[in-house]
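Reader: Please take me through some of the labels used for this model. I want to see the rule behind each one.

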Amino acid sequence: MLWVKEAEKSNKSALFRYVYITKEHNPEKYSDEIEKAIQRGNTPAGMHISIAVNEILEFFQIKPGQIGFDATLGYGGHTLEMLKCLEHQGCIFATDVDPIESQKTKARLESLGYGEDILKIRNMNFSEIDKISKEAGKFDFILADLGVSSMQIDNPDRGFTYKREGPLDLRLNPEKGVSAAERLKEMNQYEIKGMLLENSDEPHAEIISKAIINRFEEGEKIETTSQLRDLIEDTLSFIPSKDREQEIKKTCQRVFQALRNDVNQEFEVLYDFLEKLPDVLAPNGAATLNLKCDRPFIVNSNFNCYNTSSLMQTLHH
């Protein structure tokens, strides 16, 4: 089952519907997809699996002529299915800050017959949805499929996974901002610890942050994924051998996630997006947040801000 939270908000004559879907509540059904497409970085080259497509389409009930917004274009799997529902009538605006993957997706969808007339891709952050709305008008449906894609994880040059050697970058847009390696050098031990706790609830935040600062003070570098992974392994060497491998694996996942959230300001972007959401939805419009992350409380707090009645329900096939 997928856990889904719905809310309605009245605003003058308009009615807005929201739903968020978290896949971690359904490990039996989605374990393979999550393993391949989200967390592990071991998908075959060029392969990507879109999650919860049927649930999303069922909720949206897309009709020809409508205007939609895809906040995170990625590989374009969800986008393609929504475009099919429009039957070449209407339009979808899509944003993605990744200039590398968005160009590949644009070319792939154009080859399938979905060009600029029906799919308008913008290299912008989805938190700028209000700017897109000035061009597009209000949206009948909005999808935000949050997190990194398997294509980004599969590319070792992006530094998204501890399992592959590469630069410790982790930026969704490698042309802007600072890398994770540079970010670590900017912070003191207290700031690193706080970042690990806030972004991934890292239980070893204290000793890992100290180990990072010690490495820097000794004149050593942490510039690659393997260097950070090795530091974590060394720091957790005190854990009994029977539990050590699994704990190192989980810690690496949390630390890399925390760094990714930090360099991309993912939580701040999500807050900004949610605040703007009611104002860009058309009357009776629908919005879906498809969460891969571990921060549903961000969405919950915004539901509460809207003073909506909410319903927790389960969707079955």
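**Labels and their cut-offs**

Author: Arg215 is buried, at a relative accessible area of 19%. This is a predicted model: local features need pLDDT of at least 70, side-chain atom pairs count only at pLDDT 80 or more, and totals for chains, interfaces and linings use all residues. Residues are numbered from 1 along each chain as its sequence is written, and side-chain values use heavy atoms, with hydrogens and water left out.

Reader: What makes Arg215 buried?

Author: Buried means under 20% relative accessible area, exposed over 50%, partly exposed in between (1.4 Å probe, protein chains only). Arg215 has 19%, so the label is buried.

Reader: Why is the pair Glu220 and Arg215 called a salt bridge?

Author: The rule asks for a side-chain nitrogen of Lys or Arg within 4 Å of a carboxyl oxygen of Asp or Glu. The closest N and O atoms of Glu220 and Arg215 are 4.0 Å apart, so the pair qualifies.

Reader: How many salt bridges does this rule give?

Author: The count comes to 21. Among them is Lys276 with Asp272, at 3.5 Å from N to O. Lys210 and Glu206 also pair, with their closest N and O atoms 3.3 Å apart.

Reader: What separates Lys210 and Glu206 along helix H9?

Author: They are four residues apart, about one helical turn. Helices here are DSSP runs (H or I, at least four residues), numbered from the N terminus.

Terms used: Helix = DSSP H or I, 4+ residues; strand = E, 2+ residues; numbered from the N terminus.
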